[in-house]
Amino acid sequence: MSSNDTQRPAPVATREFLENLKGEELVRWRTAEVPNRRSMAERSIDLPMPFGWFAMCYSDELAVGQVKPLRYFGRDLVAWRGEDGQARVLDAYCAHLGAHMGYGGRVNGNRLECPFHSWRYDGDGKVGDIPYAKIIPPQAKRGCVKGWPTAEANRFVWAWYHPEGIAPLWEVEPFPETSDPEWTDYERHEWNVYCPLQTIAENGVDVAHFRYIHGTASYPDWEVTMKGHCRSAQVNAKMDTPRGQVDGTISYGVVGPGQPWTRFTGICETLLVTGATPVDQDHVHIRFAFTQKKSSAEGSQGRVAKALIADICRQLDQDKVVWDRQRHMEKPLLCDGDGPIMAFRDFYQQFYPGKSLNPDVERTLARKGGGRG
Ligand code: FES
Ligand SMILES: [Fe+2]
């Protein structure tokens, strides 16, 4: 490989696959089922869903008095917003005769009322009222439907998932840009990706793939820090824009397994808030919510700002082609140019029940100087 070779954008490996997908068809492809999708067994997928805070919906998708059926964590859920403005999430099936409360359920004060016989649930799954009963059965009073702790931040509703019902171990991190009037409303995009969440997260430390799948001009310099339940990285990369190549800095991280964020500086101030929520062990719903500083998005730099968003979404399309079909390699065959993939996997173990890491351990791994990677 000549030094020249590292400066030229590489051909994108999945370009042919994506070339003919445009407009509406591309948007449909992003969330559609994968034809002939292989089973988890055939793909050696046996990773459990990690625990943590996960996005349920955008805040504005759940108005006061609204009820919404959801499907995450391998289960049916129901979300509602009470008259007090607070969002709540419960398992969907009523403990009485099993109605799915996301279909026809109504908000009564702050409670969710089942459509079938009007049993009324609090956010912790306790029945507070049965309008036709003199006595509420003690088990119903104590709580008979699983409730999921909720939070609201960054214009999303979040729920804490833990398969053993352990209470939240950290908080959702607020990002000041999302409530700053100098920053734009969200531009929203979404995908269904058919692989474990861990596989998607691993992409951030898989430094070699950027050149081949995404066609970046060089192997970027990187620095990854893992501390407690947070991981963050800084990449200095040359980015292609309508004005040619620009040096930019991308810093990104994840709070727990479910709250990734990315900040772009250098071209145009952009914050990408990501919701990455497991639907099942081999299925993740991804939401990209972009906010940009109005002075960059609406001024003479507007085209660059739009192109940046389009480029990030295209990168997810490119990864999706691989992720939807990828086999889980428990013991991957790695080479010296690969990023800190096994260190990442060690770190990620803390999000599976029964494993834990010392929250004070901090590891920083870095590579500078580009070159062959
Ligand atoms: S099934 Fe819900 S109240 Fe009867
Ligand atoms: Fe990628």
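The structure is a predicted model, where local features need pLDDT of at least 70, side-chain atom pairs count only at pLDDT 80 or more, and totals for chains, interfaces and linings use all residues. Residues are numbered from 1 along each chain as its sequence is written, while chains are lettered from A and ligands numbered from 1 in the order in which they are written.

Start with confidence. The pLDDT (the predictor's confidence in each residue, from 0 to 100) has a mean of 90 for the protein chain, and 90% of the residues reach 70 or more. Residues 1-6 fall below 50. Beyond near neighbours in sequence, that stretch has six contacts in the model (contact: C-beta atoms, placed from the backbone, within 7 Å). Where pLDDT is low, the predicted coordinates should not be read in detail.

Next, the domains, with bounds from an automatic or database domain assignment. Domain 1 covers 3-37 + 181-367, and domain 2 covers 52-161. Their C-alpha centres lie 33 Å apart. Domain 1 brings 13 residues to the contact, and domain 2 brings eleven residues. On the domain 1 side, strand β17 (residues 270-280) gives the largest share, six residues. Strands are DSSP runs of E, at least two residues, numbered from the N terminus.

Now the sheet. Four strands form an open sheet in the order β2-β3-β4-β9, with antiparallel pairing (a pair needs at least two DSSP bridges). β2 (67-72) and β9 (147-148) each have a single partner strand, so one side of each lacks a neighbour in the sheet. Strands β3 (residues 75-81) and β4 (residues 87-91) are joined by five bridges. Trp80 stands opposite Arg88 in β4.

Notes
Contact = placed C-beta atoms within 7 Å.
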